[in-house]
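Please study the sequence and the structure before reading each solution.

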Amino acid sequence: MGDTTIFSQPTKKPALKKVAPWARPFLWLDAHLEQVVILIAYSGMAGIIFVEVIRRFFFGLQAPWSTSIPVLLFLWLTWFGASLNVKKRTHLSLNEIRMKLPRGGQFACLILDAVLWIGFGLMVIYFTTTQVTLAYDNYAIVPGTDNVMQWWFYLATPLAWVMIIYRVLQNLYADWARYRRGDSFNLQPSIMD
């Protein structure tokens, strides 16, 4: 449990003393990337909305982009939130059925989950990369701005789905290790962990 590798499930207190110093930032990023992106996106959304409501109510002014940027920041918030939920295994699933299956059936369902996540993720990455490229090629700007590009925000979807696939592979590796050791699977994760 004290060993921390790139593909292990994050522990509450990773043993950073046992890893090479150059790997520590990568392990921190692996453990906290989604939370940082969510915090930045949510703070940006809340800050823009708060300031613009005050400006509109008290001064009768409003930045023309203040209704566009928060909506686009929501892309970063939601898709990286989905990645966080996959990492913590708190996404929607039918665990009640799985818990009644024998251990081999549970493992087969976990493998099927991973295959479906990866397949769906590859489709999402393919089609949303096309959308990002289209916005980039057409110099699409955010309404109400002169130089804020829409593709900066649309890039959230394929990037977050790359993270989702990475988290699925991490979980699959942890499941495979549990299966080989004979340990039980974590079929009832807590969102508060």
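**Exercise 1.** Determine how H1 and H6 pack and which residues make the contact.

*Solution.* Step 1: the axes of H1 and H6 lie 12 Å apart, at an angle of about 130°. Axes are lines fitted to C-alpha atoms, for helices over the stretch in contact, and angles run from 0 to 180 degrees between N-to-C directions.

Step 1: H1 and H6 are therefore oblique to each other, since angles under 35 degrees count as roughly parallel, over 145 as roughly antiparallel, 65 to 115 as roughly perpendicular and the rest as oblique.

Step 2: the contact (heavy atoms within 4.5 Å) joins Leu 29, Asp 30, Leu 33 and Glu 34 of H1 to Met 163, Tyr 166, Arg 167 and Gln 170 of H6.

The model is predicted: local features need pLDDT of at least 70, side-chain atom pairs count only at pLDDT 80 or more, and totals for chains, interfaces and linings use all residues. Residues are numbered from 1 along each chain as its sequence is written, and side-chain values use heavy atoms, without hydrogens and water.

**Exercise 2.** State the fold pattern of the chain.

*Solution.* The pattern is α-α-α-α-α-α, with six helices and zero strands. Helices (H or I, at least four residues) and strands (E, at least two) are DSSP runs, numbered from the N terminus.

**Exercise 3.** Describe the length and the cover of H2.

*Solution.* Step 1: H2 (residues 69–88) reaches 29 Å from its first C-alpha to its last, close to the expected 28 Å, which is 1.5 Å times one less than its number of residues.

Step 1: its buried residues (under 20% relative accessible area, 1.4 Å probe, protein chains only) include Trp 76 and Phe 80. Their cover includes H1, H4, H5 and H6.

Note on methods
Buried means under 20% relative accessible area, exposed over 50%, partly exposed in between (1.4 Å probe, protein chains only).
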